[in-house]
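User: I am new to this structure. Please take me through one part of it closely.
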Amino acid sequence: PYANVDKMTSDIIENWNNIVSANDTVYHLGNFGWDPKTAYDCILKLNYRKLYIMVGENDQPILDLKRKGTLPQGVEIIEPYHTIDSLNLTLNYWPMGEWPKKNKKYYGVIGYPSRKYKTVPKKRIINCSIDQCNFKPQDINSLIDLLKEIS
């Protein structure tokens, strides 16, 4: 919905910082930045204590920053199918029909931007792509509580 990339970037940074504090841990599930300089500059403007970035299909710039050893402090690259056992979550960029620990009632949380892949409470699938969340990061605890209420 943006006229240009600069406006989109500034709005996403503002939305992020209105929701995320400097003490928060954030999991970003793919497609963080198109070029290393923009990705690096954006990270420096974001609130977080720890930022985990899962590589999506357009994240070569993040891998370049890691390879060069220039990721900002507190940023770590995580592998697909990352689980957070304390929340019963399996995180992935790509849409999943099956995921690790699904049989243990873990939610499958994805970051894939296509509107074709929606949150499906009965299947325990959550799509947290900002494209589907009004270009704002989501508090996973709030989403899980909401899904428990409606499923």
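What pLDDT does the protein chain average? And how many salt bridges does a search of the whole structure find? Look closely at those charged pairs, please.

Analyst: This is a predicted model, where local features need pLDDT of at least 70, side-chain atom pairs count only at pLDDT 80 or more, and totals for chains, interfaces and linings use all residues. Residues are numbered from 1 along each chain as its sequence is written, and side-chain values use heavy atoms, with hydrogens and water left out.

Confidence comes first. The protein chain averages a pLDDT of 93 (the predictor's confidence in each residue, from 0 to 100). A score of at least 70 is reached by 99% of the residues. Strand β2 (residues 50-54) has the highest mean, 97. Helix α4 (residues 140-150) has the lowest, 83. Helices (H or I, at least four residues) and strands (E, at least two) are DSSP runs, numbered from the N terminus.

Now the charged pairs. Side chains of opposite charge can pair when their charged atoms come close. A salt bridge here is a side-chain nitrogen of Lys or Arg within 4 Å of a carboxyl oxygen of Asp or Glu. The whole structure holds 6 of them.

Start in helix α1 (residues 5-19). Lys-7 and Asp-11 sit 4 residues apart there, so about one helical turn separates them. Lys-7 bridges to Asp-11, with the closest N and O atoms 2.8 Å apart. Lys-7 is partly exposed, at 41% relative accessibility. Asp-11 is buried, at 16%. The cut-offs are these: buried is under 20% relative accessible area, exposed over 50%, partly exposed in between (1.4 Å probe, protein chains only).

Next, take Lys-50 and Glu-76. Their salt bridge brings the closest N and O atoms to 3.2 Å. Lys-50 belongs to strand β2 and Glu-76 to strand β3 (residues 75-78), so this pair ties together parts 26 residues apart in sequence. Glu-76 is partly exposed, at 37% relative accessibility.

Asp-64 is buried, with a relative accessible area of 18%. Arg-67 is exposed, at 62%.
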